[in-house]
Each structure stands twice: as C-alpha cells, then as structure tokens.
Amino acid sequence: MTLPVTPVELFLMKPSIKSLTLEELQQHFAARKAPAYRARQVTDWLYKKRAATFTAMSDLPAETRAALAQAYSFVRPEVVRVLGSKDTTRKFLFRLADGSLIESVLIPASPALYGETSDRRTICVSTQVGCAYGCKFCASGLEGFSRNLTADEIVDQLLGVERESGEKIDNIVFMGMGEPLANLTNLLRAIRIINAPWGLEIGARHITISTSGLAPQIRKLANEPTQFRLAISLHGATDEVRSRIMPVNRKYNLASLLEACDFYVAQKKRLMFEYILIADVNDSHEQAHLLAKHARRLSAKINLIPYNRVEGLEWSRPSRERQESFLRALREHGAVATLRREKGHDINAACGQLRLQTKRASETTPVEA
Ligand code: SAH
Ligand code: SF4
C-alpha cells in the first residue's frame with residue numbers, strides 16, 4: 001500500500017504525465033531539442049501499451065525517460081475494493097495519492113441501458129471527491145465536498161477499471177461522484193485524452209456528461225467543438241419541487257436553466273433530461289405534463305430512473321404502476337421518454353454509496369487493501 005500524501009504535498013507534486021495532451025508532450029520534447037515523434041511514442045506507451053512506469057518505455061533513450069521522470073509523476077490509483085461479478089454491475093473503489101476515496105462503476109453490455117439497445121460496456125466515472133451541491137436524495141453529497149479530481153485522476157479510473165476487469169470500455173458517463181461542470185477545466189482536459197486518437201479513442205458520442213443544472217457552464221459547453229452528449233438532471237418540473245430536493249435550483253432556477261438549455265440547443269446540440277422518480281415528491285401527473293412541455297421545447301429525450309434507496313435517507317421509488325403511468329402521461333403529452341426497468345444495472349445505486357459505506361466502516365475497522 002502506498003502512503004497517502006498530505007494536501008500540501010499533493011499541491012507540490014509534479015504534474016502527472018497522464019494529464020498531458022499530445023501537443024503538450026510535443027512542446028516538452030521541442031524544448032529539449034528532441035524529435036517530435038517521441039511524444040507519440042509516450043502516448044502509445046501510456047494509452048495503447050498501458051505502461052506502468054517510465055522505465056517500461058523501452059524504445060525511449062534512458063536520458064529521455066530520466067527527463068520525463070524529473071518533470072512528471074507517474075501514479076496509479078490503488079484499487080481497494082471491487083464489488084459485484086462479471087455479469088453484473090461492478091463497483092471499483094479507488095484510493096488516490098492523498099488517501100481520498102472515489103468510486104467508478106462498470107456496467108456490462110446491457111440490452112436496455114438508457115432505453116437503448118446497447119452492447120457496450122459503460123463506465124460511470126467520478127469527477128470530484130464528494131459533492132458541494134447537496135441534493136437531498138444523493139449519497140455523494142452527504143459528506144460534503146473535498147476537492148476536484150485532476151484530469152489524470154479522471155482518466156486513471158478508465159485505465160484502472162480496464163486493467164482490473166480485463167474488459168474494454170467503449171462508453172463513458174460522468175455520473176459518478178461530484179458535479180462535472182463544477183470541475184470544467186479538468187473535465188474537458190480528461191475528455192480530450194479519452195476521445196483523442198492518440199489517447200483512449202472513445203468516440204465523443206459515447207461520452208455523456210451529466211449536470212445538476214449549472215446554467216453558466218451549460219452555456220460554455222455550447223461552444224465546445226467535441227460532440228459529447230449532455231444530460232440535465234431535472235428531477236422536478238417546477239421550482240417548488242426542484243428546490244425541495246436540489247438546493248442548486250435556488251441559484252439557477254428552472255427558468256434560467258431552461259434558457260441556458262435553449263442556448264445550448266440553438267448551437268445545434270442535443271441534450272436529454274434525466275428524471276429520477278421519487279414517491280410523492282415528483283411523480284404526479286401535473287409534473288409529468290410540465291416535464292413533457294419542457295422536453296418538447298428543447299426536443300430533449302427523457303430518461304426516467306426509479307430512485308435507488310440510500311441508507312439513512314427518507315426517499316423511496318414509486319410503485320411499478322405509478323412509474324408506468326408517469327411514463328404514459330409523458331407520452332400522451334408528446335414527449336419521447338423511456339423508463340429504466342432492469343434490475344442489476346442500476347448504476348446510480350452505487351455512485352457515492354460504496355465510498356460512504358467504506359468510509360463509515362473504516363471508522364471502526366481498517367479498509368481492506
Ligand atoms: N452531479 C451530476 C452527475 C452525478 S449524479 C448530476 O447531478 O447530474 C448522476 C445522476 O444520478 C444524477 O441524475 C443524479 O440525480 C442521479 N442520482 C443520484 N442519486 C441517485 C439515487 N439514489 N437514485 C437514482 N439516481 C440518483
Ligand atoms: Fe452532487 Fe449530482 Fe449528487 Fe446532486 S445528484 S449531490 S449534484 S452528485
């Protein structure tokens with residue numbers, strides 16, 4: 001087990017080699033009068049051959065490897081727990097260099113993930129340690145916010161899960177712990193590395209960012225050239241309902257959020273709504289009618305997700321009939337909507353919860369390594 005470093009040491013640490021783009025590596029070599037093709041050799045070692053150390057990069061001259069090691073760090077987050085089996089959702093708990101715990105979830109090929117046929121293996125990735133937005137139903141926000149993840153800590157979740165599981169991931173959703181748009185710079189850098197032909201080569205249409213509704217950042221995303229997908233966690237069709245469960249709505253109310261979405265859609269970009277169904281909170285027919293109206297305005301598809309219980313919280317999912325009747329009401333009002341029906345593929349059941357359980361357990365017993 002590697003010893004955790006303090007936050008100050010973390011700040012003083014060299015940048016990670018896995019946070020660099022190809023262009024930045026080219027600049028590194030240009031500054032040292034080394035040939036430009038060295039940069040591509042390094043990215044091949046990192047993302048194609050999955051080297052674990054600078055020493056393993058055997059076709060680089062020894063002095064080149066030494067210069068890299070002097071300028072950059074090469075860390076790998078430690079996998080401290082894996083839950084689940086090959087056929088079901090698998091959850092991976094990572095310990096970062098400063099001892100922080102984050103989790104990623106691997107979802108196997110699923111016939112109906114997000115209501116679409118999918119033979120893809122999806123990873124649900126965290127973007128922050130904890131979350132500052134404190135949605136009342138969510139495990140990730142329960143213990144507050146610690147820090148943003150760096151770009152390499154985001155990329156390393158994919159590398160770590162592929163290494164640990166032996167599976168090739170071809171779909172990524174930023175629906176783990178944290179609010180991705182509150183960590184926009186590192187998120188976009190990580191997406192560049194994940195999307196690039198020299199990087200992990202996951203197509204932009206297989207990358208989905210989910211946000212609780214940070215209106216100014218949604219406007220910023222509208223101008224991004226990469227065609228990733230954007231999901232808006234709406235969870236309420238009026239300010240009254242939304243503010244009750246999502247404190248972020250007091251900062252960016254529904255009108256300002258929908259205006260930012262209008263702006264996004266006007267740039268010829270598509271978005272979708274996520275709507276978790278919570279019994280007696282947001283599952284009335286009135287909410288369905290209004291939700292359908294918002295979705296039609298933006299030509300947005302709606303993904304309904306039955307709420308997953310979080311230990312210690314009061315909320316629960318509506319009955320099967322009530323979920324189906326909410327879906328019918330949406331369709332009757334002209335919306336395109338799907339309802340997640342499967343068991344065992346519920347990614348959100350995990351996000352934030354594994355970490356919470358482990359943290360609580362480790363207050364009495366040490367975390368298994
Ligand atoms: N912060 C971002 C992304 C992480 S949460 C966001 O809020 O969109 C990813 C999705 O999981 C969000 O739609 C969130 O509302 C949902 N979610 C959180 N806790 C859940 C739970 N217990 N059951 C079902 N969905 C949940
Ligand atoms: Fe944060 Fe998203 Fe959870 Fe809200 S739902 S607390 S924004 S992770």
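This is a predicted model: local features need pLDDT of at least 70, side-chain atom pairs count only at pLDDT 80 or more; totals for chains, interfaces and linings use all residues.
Residues are numbered from 1 along each chain as its sequence is written, chains are lettered from A and ligands numbered from 1 in the order in which they are written, and side-chain values use heavy atoms, with hydrogens and water left out.

The secondary structure of the protein comprises 13 helices and 14 strands, taken as DSSP runs (helices H or I, at least four residues; strands E, at least two) numbered from the N terminus. Of the 369 residues in the protein, 55% are buried, where buried means under 20% relative accessible area, exposed over 50% and partly exposed in between (1.4 Å probe, protein chains only). Among contacts (heavy atoms within 4.5 Å) between residues at least 6 apart in sequence, 66% join residues at least 24 apart.

Helix α10 covers residues 254-266, and at 1.5 Å a residue its 13 residues should span 18 Å, which agrees with the 18 Å between its end C-alpha atoms; the expected span is 1.5 Å times one less than the number of residues. The buried residues of α10 are L254, L257, L258, A260, C261 and Y264. Seen down the helix axis, these buried residues fall within an arc of 155°, and they therefore line one face of α10, the arc being that of the directions from the axis to the C-beta atoms. They pack against α7 (215-222), β11 (229-233), α8 (239-245), α9 (248-251), β12 (271-277) and α11 (285-298). Just after α10, K268 adopts a positive phi of about 60°.

Around ligand 1 there are 19 residues, of which G178, S210, S233, H235 and N308 come nearest, a residue being included if one of its heavy atoms lies within 4 Å. Polar contacts are pairs of N or O atoms within 3.5 Å. A polar side-chain atom of S210 lies 2.6 Å from an oxygen atom of ligand 1, an N or O atom in the side chain of S233 is 2.6 Å from a ligand oxygen atom, and a polar side-chain atom of H235 is likewise placed 2.6 Å from an oxygen atom of the ligand. Taken alone, ligand 1 exposes 530 Å², of which the protein buries 95%.

Residue A71 is found in helix α4 (residues 62-71) and, at 22% relative accessibility, counts as partly exposed.

Terms used:
A polar contact is a pair of N or O atoms within 3.5 Å; within protein, one must be able to donate a hydrogen and the other to accept it, and residues adjacent in sequence count only if both atoms are side-chain atoms. Accessible areas come from the Shrake-Rupley method with a 1.4 Å probe; for residues, only the protein chains shown count as cover.
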